[in-house]
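Biologist: I'd like to learn how to read the inside of a protein model. Can we go through one together?

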Amino acid sequence: MNYAAIKTHDVANGPGVRVSLFVSGCTHYCKGCFNQEAWDFDYGKPFDAAAEEEILNALKPPYIKGFSLLGGEPFEPANQKALLPFMQRLRKMYPNKTVWCYTGYDLEKDLLTGRLCDYETTKGMLDCIDILVDGEFMEAKKDPNLRFRGSSNQRVIRLQETLKEDKIILWDDNEGLFEPGK
């Protein structure tokens, strides 16, 4: 798997100061995508041990509130397989940091059905994520006033509570910082 960028001080992709990984490779091809160069699976640099260590070290300071995973598309099957061991390691090292993930896939139709990849791999990825922003970016529904999403069809889902309750539980824009397990 390749990645387009690592941002060690990102304030646009989740609450607080975060570390973000933009993976390469996406088959959604959303009209008006802000990151079209990352559609190419070969774009950027290989996601290797050095990239992993850069992210894990950048997460150390207490003012860093969490990690955001974007793309490209993190849930492309090839990306899931490469990301899963890293995501499990990150969760183990930083259980109190929030993990946000942005995907063009729909939680119920795509991720929970096992349609994309070996379901155990997808389930492992989902288990590592606190907040999932799902749904393709739709230029016709673009709204610059929305927090942490680009178009009104996209949902900001409190993923662990959603999986536990078996119903969609949305993140409240007004709640401030989200803490894992609370």
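Modeller: Let's start with the idea of a nonpolar core: it is a set of buried Ala, Val, Leu, Ile, Met, Phe, Trp, Tyr and Cys residues joined through side-chain atoms within 4.5 Å. Keep in mind that this is a predicted model.

Biologist: Which residues touch the most other members of the largest nonpolar core?

Modeller: That core has 35 residues, and the ones with the most contacts to other members are Leu21, Ile55, Phe67, Leu69, Phe75 and Met87. Several elements each give at least two residues to this core, among them strand S1 (2–10), strand S4 (64–70) and helix H4 (119–127). H2 provides the largest share, five residues.

Biologist: What does methionine 87 touch, leaving out residues up to four places away in sequence?

Modeller: Its partners are Phe67, Leu69, Val99, Met125, Cys128 and Ile129. There is also a second, separate core of nine residues, including Phe22, Tyr102, Phe148 and Val156.

Biologist: How many helices and strands does the chain have?

Modeller: Five helices and seven strands. Along the sequence they run β-β-β-α-β-α-β-α-α-β-β-α. The radius of gyration is 15 Å, close to the 16 Å that the globule rule gives for 182 residues, so the chain is as compact as a globular protein of that length.

Biologist: And how much of the chain is buried?

Modeller: Buried means under 20% relative accessible area, and such residues make up 49% of the 182 in the chain. As for contacts with a separation of 6 or more, 65% are between residues 24 or more positions apart.

How values were computed. Residues are numbered from 1 along each chain as its sequence is written. This is a predicted model: local features need pLDDT of at least 70, side-chain atom pairs count only at pLDDT 80 or more; totals for chains, interfaces and linings use all residues. Side-chain values use heavy atoms; hydrogens and water are left out. Buried means under 20% relative accessible area, exposed over 50%, partly exposed in between (1.4 Å probe, protein chains only). Helices (H or I, at least four residues) and strands (E, at least two) are DSSP runs, numbered from the N terminus. Contact means heavy atoms within 4.5 Å. The radius of gyration is taken over C-alpha atoms; the globule rule is 2.2 Å times the number of residues to the power 0.38.
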